[in-house]
Amino acid sequence: MIRIALAHLITGLVLMSCQDENKDAMHKEMYISIDGGIKLYVETFGGPENEACLFISGAGANSSFWTDHLCDSLVRNGFFVIKYDHRDFGYSSKIDWAKDPYDFMHLAKDALTILDSLKVDKAHVIGHSMGGFIVQMLAIHSPDRLISMTSISSSTNSPDIPMPPEKTWEIYLSNKPQNDFDKDLDGFLKVWKYLNGTADFDEDLARAYTKNLYRRQDIDEALGATHVKAQANLTDRTEALKKVRIPTLVMHGAEDYAVDPYGGIQTAEAIKNAEMVIIPGMGHIPFNHEILRRFEHEIIRFLIKNKSTAERKRT
């Protein structure tokens, strides 16, 4: 009996080791070169033979905004997951804005360059906040590259969308990071708690998120300041979005104080047959486990629903 038990234990340890090695093999990190010698930090999960989904973060957010739990769940459902750090942020190349300014179309082109480099012809594309702007631009200008689109906590840039409350600017401007995580943490926690909305605020989630930001780069100014500058020439996309015929999910927090929920509602109204999901209690960035799970569930559900017919049969 002891020998049998020992054999089972050894077998179990071997299986666990194989599973860990397989998981590591499914997650790859790389740099992809784009114009001007800029390198983008890119992560992939799963096999490239599967249907691809590309996740695009907002201004001042790196690829860790999209959790490993979300990526692993999609891999288990037969997807090839791609996420990355924008130029001038995270592990990607930093740019001297004064010498080499870039505009929003450069950011949109970066997403296509990643797909090209990974030999992905078409993908489900999911974007949060500024990433939602990029997703919309891709749907307008490169619809042949998209299987579906998901625009989260974003807008059409219409002048009809209410501006953020005055308190939002006060909260943003009160945070003055000095590239010292321990000293800067309280300022960031104040911002994250506000942007979380009215749901219970999980400080541990917010602390880990902030720690990751500091791990990837120096932070001594407002997050994503140059990404905001790149948006200066953006115009209202409402009319252009009315021509989009790609399966679309629009998701927004009911308590978003950075991008008014009407921004999401108007986006959904502009795109024919778009699905609209408003999550009660959610703000601009979810730092609440229950809401984060709902947030991720809606993405996974929509992507599975819109998986191509051939891919569904194969998996």
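This is a predicted model: local features need pLDDT of at least 70, side-chain atom pairs count only at pLDDT 80 or more; totals for chains, interfaces and linings use all residues.

Is isoleucine 32 buried or exposed, and why does it count that way?

Author: Isoleucine 32 has a relative accessibility of 7%, so it counts as buried, since buried means under 20%. This residue belongs to strand E1, which covers residues 27-33. Tyrosine 84 is 52 residues away from isoleucine 32 in sequence, yet their C-alpha atoms lie 9.8 Å apart in space.

Let us turn to the core. The largest nonpolar core holds 45 residues, and those touching the most other members are Phe55, Trp192, Phe295 and Ile299. Several elements each give this core at least two residues: the strands E3 (51-56), E4 (79-84), E7 (248-253) and E8 (275-279), together with the helices H2, H6, H7 and H11. H6 makes the largest contribution to this core, with eight residues.

H11 deserves a stop of its own. This helix runs over residues 289-305, and its 17 residues should span 24 Å at 1.5 Å a residue; the C-alpha atoms at its ends are 24 Å apart, so the two values agree. At the start of H11, asparagine 288 places a side-chain oxygen within 3.0 Å of the backbone nitrogen of glutamate 290. Further along, the buried residues of H11 include Ile291, Leu292, Glu296, Glu298 and Phe302. Phe295 and Ile299 are buried in H11 too, and we met both among the core residues that touch the most other members.

Now for the pockets. The largest pocket has a volume of about 1200 Å³ and a lining of 40 residues, with Ser129, Trp169, Tyr172, Val228 and Ala258 nearest its centre. Helices H4 (130-141), H5 (166-174), H6 (181-195) and H8 (225-230) each contribute at least two residues to that lining. Sorted by class, the lining of the largest pocket comprises 26 nonpolar, 11 polar and three charged residues.

The second largest pocket contains about 360 Å³ of space. Its lining has 18 residues, and Ser64, Phe65, Thr67, Leu205 and Tyr209 are nearest its centre. Helix H2 (68-76), helix H7 (203-216) and H11 each give two or more residues to this lining. By class, the lining of the second largest pocket has nine nonpolar, five polar and four charged residues.

Note on methods. Residues are numbered from 1 along each chain as its sequence is written. Side-chain values use heavy atoms; hydrogens and water are left out. Helices (H or I, at least four residues) and strands (E, at least two) are DSSP runs, numbered from the N terminus. The expected span of a helix is 1.5 Å times one less than its number of residues. Buried means under 20% relative accessible area, exposed over 50%, partly exposed in between (1.4 Å probe, protein chains only). A polar contact is a pair of N or O atoms within 3.5 Å; within protein, one must be able to donate a hydrogen and the other to accept it, and residues adjacent in sequence count only if both atoms are side-chain atoms. On a 1 Å grid over the protein atoms alone, a cavity is a set of points where a 1.4 Å probe fits but cannot get out, and a pocket is an open set with protein on both sides within 12 Å along at least five of seven lines; lining residues have an atom within 4 Å of a point. Grid points are joined across faces, edges and corners, and a volume is the space filled by probe spheres set on the points. Ala, Val, Leu, Ile, Met, Phe, Trp, Tyr, Cys and Pro count as nonpolar, Asp, Glu, Lys and Arg as charged, and the others, Gly among them, as polar. A nonpolar core is a set of buried Ala, Val, Leu, Ile, Met, Phe, Trp, Tyr and Cys residues joined through side-chain atoms within 4.5 Å.
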